[in-house]
Structure formats: structure tokens, C-alpha cells
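Please examine the sequence and the structure before reading the solutions.

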Amino acid sequence: MADFDPVPPTRELQFPLYVKAPLILLGLALLVFTLHIASEIIFPLFFAAIFAIMLHPVEQWLLRRRVPQLLAIALTVVLGVAAVLGLVYFISIEAAQLSDQMPMFKKKFAETTADVHEWLQSRFGLSDQKLQSWVGEAGTKAQGLLGGTLSAISGLLVTFTLIPVYIFLLFLYQKRLVDFLVQAFSGHRRDTGVSEVLRESKAAIQSYMVGLLIEGSIVAALNVTVLLIIGVPYALLLGVMGALLNFIPYIGGLIAIALPMLMAFVAKPGYGHSIAVLGAYMLIQFTDNHFLIPRIVASKIQVNALVAIVGVLVGNAIGGVAGMFLALPVIAILKIVFDRIESLKPWGMVLGDEETPRGRKVNPAKKQVLTAEGKG
């Protein structure tokens, strides 16, 4: 029989850039569309996974004390729910006291509207019909903005009713889920690469959420201190609500400043206290954006500012306030995954921040490579 040449090994197809780029964009578009359509199912799972990672040390501590698994999981979930309900109860009690001041709000608002109306007529000669149309448009926009914010918050509250159930099930099946991810992405029962990605993702999310809580606590303390110094009523409620609203990008910060300014305007004579609140809150916002967030929050996930802003905007387009909140943790996990896959390392480089802050430990293997390059 004649000898046949062996079949040459198959080569990986290499597409040119003008073919590869549209395929990548098409894949991203399909992913975004899928997330948008299934956001009501996917986002609660994302939130549950994040909170489960935060509560995981509590569950492990209970298991080390030889508490039965089901009881340890139940106690962990109950502890997390109790912490959230305690915060909601505090806000509701303070808000109930604040609602007693609504007649004073209406009276002050009517007086201010009349004064502004008279000033505009005498200064610019505007007609009553023109002023009323402007006031009506402003009121409609304000109602729309407030309604959108309230609907977003109510949507989050509905979402949070499912999260405790998801957290319990994630704890219960965590070993099976980890084994599935390892085998699905490596084909082996034990794979150090996939396990390391999962471990680093868990550490990144824990650090990010802890940093977010620390940053929010500092902002709340600054808000309350400033409002107490200025003499604004309900300083504790407004300061804590301002810190919570600050977690919602863009809209939350505006509402956090508007609420204490309105309270100062209603409760104090003149405009001096409202202007003082505005100046103090702008200083707090500047401190938060330029010192607290970069050092306490952003440094935990190693995502550069450009990607963070674009990611928040994309998250808002996909899922509103919930998408904004989940954007940075998801980008941090993607960066960890991209850094571990050779063909995706350029994407990880784009997402990350190459500058190493002072005091950060360098990976020993990376340090050896840098030393060798320096000697060469």
C-alpha cells in the first residue's frame, strides 16, 4: 500500500481586523441586549452573589464554631437582613417626624413663590402667564425626576425581597457551584487557574464593598457634623440619607444636596443657611470624589477612571440604578478574568490602572521578571 502523508495539524483561523471588530461588537451588543431583557432575573442574582460574598466570613466563622450548616446559613442571612431592616427602620422613624413639618414646608414655599414672582415682574416685566408657564414646566420636570427616583428605589425594594432567598441558596450550593465553574471552564476537576480567578474575584468584591461602606460612613459623619454646626433640623436623618443617596450616581448626589438646602431654607430665616449648606456639601463632595473614593473605593478594584465612567453609563442604560451599582464589581471581575487569559490580556490592560500605588505588595513572580529585565 502506498504511504499517505499524515494530515497536517489544523491551524487556528486568523481573521483580519475588519472582520474581527464587527464580530466583537456584535457579541457585545447581544450581551447588552440579553442583560437588558433579563435584568429582572439577572440583577437580583448579582446582588445576592455580592452580599453572599460579603457575608461569607460570618458563615465560615459559625461553621468553625461547629454550628450545623443549615443553621449557620440561616443565622447569616438573618443577620444581614436585620442590619438592612435596622437601617430602614431608623430612616422611617426619622422620616415620620419630618412629615409633621409638611404644613410649614407648604407655607414657606407659597411665600417664596410669591416673592420670586413679584421680583421677576418688577425686575424683568414678565407677565403672569409667562411666569405660570415656567413654574408649571419646572414643577412637571421636578415631579418627573422625583417619580423616576422613587420608582427606581421601589424597584430596588422589590428586588431586595428576593435577595435573602438567593443568598440562602447560594450558601447552600456554593461547593457545587464552584465545582461547576471549575469543570466548565477548565475541563478538570481541579484547576488552579480557575480557582485562583474565583478567589481573586471574591477578594476584590469584598474589598470594594468594605471600602464602599467605610466611604459612606465617613461621608455620613461629615454630613451630620456640618448640618449640626449650621443648625439645620433633622441633621442625623439628612446626613445619613445624603450618604445613602450618594451611592446612586448623578441623581443621588443632587438630591442629597437639595434636601438639606430645602430644610435650611424652610426652617431658618433668609438664604444664608441654605448657601452655607450648599458650600459645605460641595466641599464634602470634592473631598469624597478626590480623596475618599480614589483611596478607599477605587483602589480596591484597580479600574481606571475612564472605564469606570463608561461602565456606570452602560450599567444605567441596561438596568438603571441597579446597573450603575453593579457596574464596577462586574468590571473588576472581568479584569481579573482577562488578566488570566493570554488572548484577552490586552482587554485587561485597557480596563486596569497600570500605576502601582505606594504600599501595595507586588506579586513575587512579577517582581522576579522586573528584576531580570532590569539586569538585562
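**Exercise 1. The aromatic pairs**

Phe 46 has a relative accessibility of 34% and therefore counts as partly exposed. The model is a predicted one.

Task: Determine how many aromatic pairs the structure holds, and classify the pair of Phe 43 and Phe 46 by its ring geometry.

Solution. 
1. The structure holds two aromatic pairs.
2. In one of them, the ring centres of Phe 43 and Phe 46 lie 6.5 Å apart, with the planes at 25 degrees. Planes under 30 degrees apart count as stacked, so this pair is stacked.
3. Both residues belong to helix α2 (residues 39-64); because they are three residues apart there, about one helical turn separates Phe 43 from Phe 46.
4. Phe 43 has 9% relative accessibility; the cut-off for buried is under 20%, so Phe 43 counts as buried.

**Exercise 2. A second geometry**

Task: Classify the pair of Phe 286 and Phe 291 by the angle of its planes, and state whether Phe 286 is buried, partly exposed or exposed.

Solution. 
1. The ring centres of Phe 286 and Phe 291 are 6.4 Å apart and the planes stand at 65 degrees. An angle over 60 degrees counts as edge-to-face, so the pair is edge-to-face.
2. Phe 286 has a relative accessible area of 43% and is partly exposed. Phe 291, at 41% relative accessibility, also counts as partly exposed.

**Exercise 3. The whole chain**

Task: State the secondary structure content of the protein and the percentage of buried residues.

Solution. 
1. The protein has 13 helices and zero strands.
2. Of its 376 residues, 28% are buried.
3. The protein exposes about 25000 Å², of which carbon and sulfur atoms supply 69%.

How values were computed: Residues numbered from 1 in each chain as written. Predicted model: local features only at pLDDT ≥ 70, side-chain atom pairs only at ≥ 80, totals over all residues. Heavy atoms only, no water. Helix = DSSP H or I, 4+ residues; strand = E, 2+ residues; numbered from the N terminus. Buried < 20%, exposed > 50% of the residue type's maximum accessible area, 1.4 Å probe, protein only. Areas by Shrake-Rupley, 256 points an atom, 1.4 Å probe, with all protein chains shown as cover. Phe/Tyr/Trp six-rings, centres within 6.5 Å; stacked < 30°, edge-to-face > 60°.
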